[in-house]
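Let's take a walk through this model, stopping at a few spots along the way. Keep the structure open as you read.

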Amino acid sequence: MEISRFNNKWVSTVASVWIQCTSGSLYTFSIYSQTLKSTQGYDQSTLDIVSVFKDIGVNCGVLAGFLYYYATADGGGSRPWIVHLAGAIQCFLGYFLMWAAVAGVFPRPPLPAMCFFMLVAAHAQSFFNTANVVTGVRNFPSYSGTIVGIMKGFLGLSGAILIQVYETIFNEQPTSFLLMLALLPTLNSLLFMWFVRIHNADDEVDKKHLNSLSIVTLFLATYLMLKIVLEHIFTFQFPLQVASFILLLILLASPLYVAIRAQQRESRKILHPSVTESDQLISRSNQESEDFDNERRRESEESLNLFQALYTIDFWILFFATACGMGTGLATVNNISQIGLSLGYTSLETTILVSLWSIWNFFGRLGAGYVSDYFLHAKGWARPLFMFITLATMSIGHVVIASGLPGALFAGSVLVGVCYGSQWSLMPTITSEIFGVVHMGTIFNAITIASPIGSYIFSVRVIGYMYDKEASGEGDTCTGAYCFMLSFLIMAFATLLGSLAALGLFFWRRSFYDQVVFRRLQHSSSG
């Protein structure tokens, strides 16, 4: 038996990671929003309307889920590239048309057209994300939490990575940055999408190499965090900026080293097995086709499609918990600058807070997947328990911000940011465990729709309404802890309700985890 050098799950994982590194272009909206506003003659409310379509596009990935299911059905493990291709086309068209409008290539488009351009560009991210996350879960069924955390973590860091590219190559040229967003993610996806494939081979040492990949991710996040902080304290001259960018590229290339090590170990095991291992390999080779068919049949029998999932209480519990958790998290980051100003923070301090949000978000994404996997395997703790813990902790973070005490915004934003990021790992993984992996992409993207719904409720109907009610200063501004206190106490209560819903899901599905999920893990480990 030979292992193709470029046809294994580790190369697939690295390719997915690299695609994820450029998929989070939506997190860079602040770089070009002012240029978009000035060139198109928008006021702030009009710009906010365009931004709403950005949130709608990225969180409505049901079509991506359907496409992934049909592309990979009937043994189509080599066809996730179809989903990536669809995403690449949308990414290019959306950002290219926005760039053309800003650069004056064609006359200024009407607002609905610009909203459509943004919607298409944002929708692309759901295709990249669905293809990479679901393929990762299919390749590492025993450690789905860890691989989802890695994929979501790199997506969370991608905004900071793209901004580093901007500051090195296109600094102070936001129009050129829009063209870069049309080309870089598109070309990157077209280059690596051929390597993203489903491989139904589980290994007892997968965890070791996944841990190595997690460590690489942590180093990258730590480097970006230090770079962000230092950039706001010191001025980086061009040579130093280039040197730091080269170091970033080296860190981004390091996952390939992990893949090579993993592949070499598997090659040695196959080419130089012991007598016992040789017998096992022959037996496994003879049964590989049969096991693959049985696995697909078992997954189909245990999996629900979206329409079946909609009739279950599990779906709506996850939807409600997601609306509370992700909705209040997005409302926090969307208003963190305004909160800082009302509490007397300097412009530099609020800028650092906004910049570091993506780092706390990352630690939540990676940490929740890793920790929940560990306790699931070691202690048998079902994953909804960790959704309860993180949402309850997020509720505490909202209370801390509401207090308005010195340093409370820093401490609270860390708690809320980490716990918000955790939901992006926990929700898709829980979805795959309860509803199965066959329609995972469609179902978790449907649940994700709760995020913009919650964001709208808490940002507009709670924070916006309460702030306007309290504002009495010049220019309808508000200064003091009371400006946002009631809003964040309401969000703390809502998040607490979400955590109780997750706790209810934990008890509701406890026997299911004992009888079904653990059996899947044992089957994957023995297979």
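Helices here are DSSP runs (H or I, at least four residues), numbered from the N terminus. You're looking at a predicted model, where local features need pLDDT of at least 70, side-chain atom pairs count only at pLDDT 80 or more, and totals for chains, interfaces and linings use all residues. Residues are numbered from 1 along each chain as its sequence is written, and side-chain values use heavy atoms, with hydrogens and water left out.

Start with Ser 342, which sits in helix α13 (residues 313-342). Its relative accessibility is 2%, so Ser 342 counts as buried (under 20% relative accessible area, with exposed over 50% and partly exposed in between, using a 1.4 Å probe and protein chains only). Leaving aside residues up to four places away in sequence, Ser 342 touches Cys 478, Thr 479, Gly 480, Cys 483 and Phe 484; contact means heavy atoms within 4.5 Å.

At 45% relative accessibility, Leu 500 counts as partly exposed.

Now for a pair of helices. Two packed helices are described by the angle between their axes and the distance between the axes. Helix α4 (residues 62-72) packs against helix α5 (residues 81-103) at about 145°, and their axes are 8 Å apart. Those axes are lines fitted to C-alpha atoms over the stretch in contact, with angles running from 0 to 180 degrees between N-to-C directions. On the α4 side, Ala 64, Leu 67, Tyr 68 and Ala 71 meet Ile 82, Val 83 and Ala 86 of α5.

Key. Helix = DSSP H or I, 4+ residues; strand = E, 2+ residues; numbered from the N terminus.
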